[in-house]
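Please look over the chain below before reading on.

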Amino acid sequence: MQTILLCADTDGERITEQVDSITSLPLEQDRVRVLVYHVFRTDDDEADAANLKAVQYATAELEAAGFEVEVRHTVCCNDFRRNRVCPAVAPELTYSSPYQSSGDAVQNILETAAAVDADLLSIGGRNRSPTGKALFGSVAQQVMLRSERPVLFSTAGE
């Protein structure tokens, strides 16, 4: 089974492009699982990726296309980690795995890709100038530069 780590943010256009990119790949959907992953930049103990519209959209569209989709959680807060699985998505799962986290997005994405042995990372980006990337940084760019795994980069028509 192949594993795709879909790194989701909250932008609807970018997530649509990511889903379209994945569904257009020549894959046998029944042999691929897509792990939808979101990095929260907060210490909110109640943060839940399954409640994000972008994650809900990606999950619904990928499942409709025949992919196995998972959204699992690790909530990070106040210098400790509490692992949990989203009961609305997979109530039968009792193990924990880092498919949601808070903090440094690039580090968390790369660590999660290694933990799940992802065959491919899907990431959405903005159309930024080189100056904009230098001033504001680019999670997508850093993931592409630092990843040892293939990265499928998608941009919304901005």
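What follows describes the chain as a whole and then helix α1.

This is a predicted model, in which local features need pLDDT of at least 70 and side-chain atom pairs count only at pLDDT 80 or more, while totals for chains, interfaces and linings use all residues. Residues are numbered from 1 along each chain as its sequence is written, and side-chain values use heavy atoms, with hydrogens and water left out.

The protein chain holds five helices and eight strands, which are DSSP runs (helices H or I, at least four residues; strands E, at least two) numbered from the N terminus. Along the sequence they follow the pattern β-α-β-α-β-β-β-β-α-β-α-α-β. Of the 158 residues, 46% are buried, that is, under 20% relative accessible area with a 1.4 Å probe, protein chains only.

Helix α1 has 12 residues (12-23) and should span 16 Å at 1.5 Å a residue, which agrees with its end C-alpha atoms being 16 Å apart; the expected span is 1.5 Å times one less than the number of residues. Within α1, Arg14, Ile15, Gln18, Val19, Ser21 and Ile22 are buried. They lie on the same side of α1, because they cover an arc of only 160° around the axis, taken from the directions from the helix axis to the C-beta atoms. These buried residues pack against β1 (2-7), α2 (53-64), β7 (120-125) and β8 (151-155), where contact means heavy atoms within 4.5 Å.

Aspartate 117, in the loop between α3 (105-115) and β7, has a positive phi near 55° although this residue is not glycine.

Note on methods
Buried < 20%, exposed > 50% of the residue type's maximum accessible area, 1.4 Å probe, protein only.
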